[in-house]
Amino acid sequence: MTSTRTFRFRRRAFTLVEMLVVIAIIGGLLGILLPAVQQARAAARRTQCMNNMRQVGLAILGYEGVRKKLPPSHTKDPNHNILTFILPFMEQEAVYERFDLTVNWNKAPNTVARKAHITTFICPESKTPQREFVADYAANVKIQPAVYNPLIKAGKATSRKLWYNMLRPDQRPVAVAEVRDGMSNSMLFFEDTGRPYAYEGRQPTGSQSITGSMWADVEAFYYTHSSCGDNQLMNCNNMNETYSFHTGGCYFLYGDCTVLFHAEVMNPEAFFARFTYNQGDRIPDDD
């Protein structure tokens, strides 16, 4: 007689203590991984912002290569912004061909063209709500006396004969040969992020009325006309000033298409030396 043995396998369940240990381990891993993921995403956004500015720079130099002059920061009668003029040099010929440059940017013939959504003009670090047809990059044409005079008086900057950037209005376009300070030493294009929403410091003011937010807007250019603290020239506000949502500073496009990050506590003398293009001034060692 053959006996048959029946084997019963008892499945062992997790105890409450073991479950709590597993949950604690997973929580710990998430605590380690999530900041790393967030940092990686932030780094990717910063890289994309830099690439966008570099594309703008290449287009500006493409324009200069054909016209032998840098494009104007803006034109009057008819009114147009620099970004319109460089569209053919950044694979946006179709948009450019829709523009009627004989009339102002906001006239009816230009309605379709000016409402083109061009992602290259938008910094992905922007924390503003959904915006349409905007640009986070602009020409910064001039340093105003209200900014440099107090700094000169306080001994934090030296006087200069000319306070313009190399991108000037249509009455005075600049040739590369005039950039005596060197294209690699001279700022070309700037961040002014978040418009038309207004920000002071890192806080929104609730206003949505900052001018020049649309990329085709003739008022997209700006002057550096205010500072904050003792000598801070960026990230004070975005009311047509140099401003970004990057922690601690802004990216700057230079004339040779390099993009550099400068801290918001940048030495004013260094900022002015890098901003002007033909003053023959030396960049301080403590830049």
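Ground rules come before the tour. Residues are numbered from 1 along each chain as its sequence is written, and side-chain values use heavy atoms, with hydrogens and water left out. Because the model is predicted, local features need pLDDT of at least 70 and side-chain atom pairs count only at pLDDT 80 or more, while totals for chains, interfaces and linings use all residues.

Let's start with the sheet. Helices (H or I, at least four residues) and strands (E, at least two) are DSSP runs, numbered from the N terminus. Two strands pair if DSSP finds at least two bridges between them. Here, four strands make an open sheet, ordered β3-β5-β9-β10, with antiparallel pairing. Its edge strands are β3, residues 137-138, and β10, residues 259-263; each pairs on one side only.

Walk across it with me. β3 meets β5, residues 187-191, over two bridges. Tyr-137 stands opposite Glu-191 in β5. Next, three bridges join β5 to β9. There, Phe-190 has Phe-252 in β9 as its bridge partner. Then five bridges join β9 to β10.

How many residues of β9 are buried? Six of the six, so β9 is largely enclosed by the rest of the structure. Buried means under 20% relative accessible area, exposed means over 50%, and partly exposed lies in between (1.4 Å probe, protein chains only).

Now the helices. Helix α6, residues 268-275, lies across β5, β9 and β10. Contact means heavy atoms within 4.5 Å. α6 runs at about 115 degrees to β5. For that angle, axes are lines fitted to C-alpha atoms, for helices over the stretch in contact, and angles run from 0 to 180 degrees between N-to-C directions.

Helix α5 covers residues 145-153, and its buried residues are Val-147, Tyr-148 and Leu-151. Seen down the axis, they fall within an arc of 75 degrees, so they line one face of the helix. That arc is taken from the directions from the helix axis to the C-beta atoms. On the other side of α5, Ala-146 and Lys-153 are exposed. What do the buried residues of α5 pack against? They pack against β4, β8 and α6. After α5 comes Gly-155, with a positive phi near 80 degrees.

Last topic: rings. A pair of aromatic rings is described by the distance of the centres and the angle of the planes. Rings of Phe, Tyr and Trp (its six-membered ring) pair if their centres lie within 6.5 Å; planes under 30 degrees apart count as stacked, over 60 as edge-to-face and the rest as tilted. The structure holds 15 aromatic pairs. Take Tyr-63 and Phe-89: centres 6.1 Å apart, planes at 75 degrees, so the pair is edge-to-face. Tyr-63 sits in helix α1 and Phe-89 in the loop between α2 and α3, 26 residues apart. Tyr-63 is buried, at 8% relative accessibility. Phe-89 is partly exposed, at 31%.

Now Tyr-148 and Trp-163: centres 3.9 Å apart, planes at 5 degrees, so this pair is stacked. Trp-163 lies in the loop between α5 and β5, 15 residues from Tyr-148. Both are buried.
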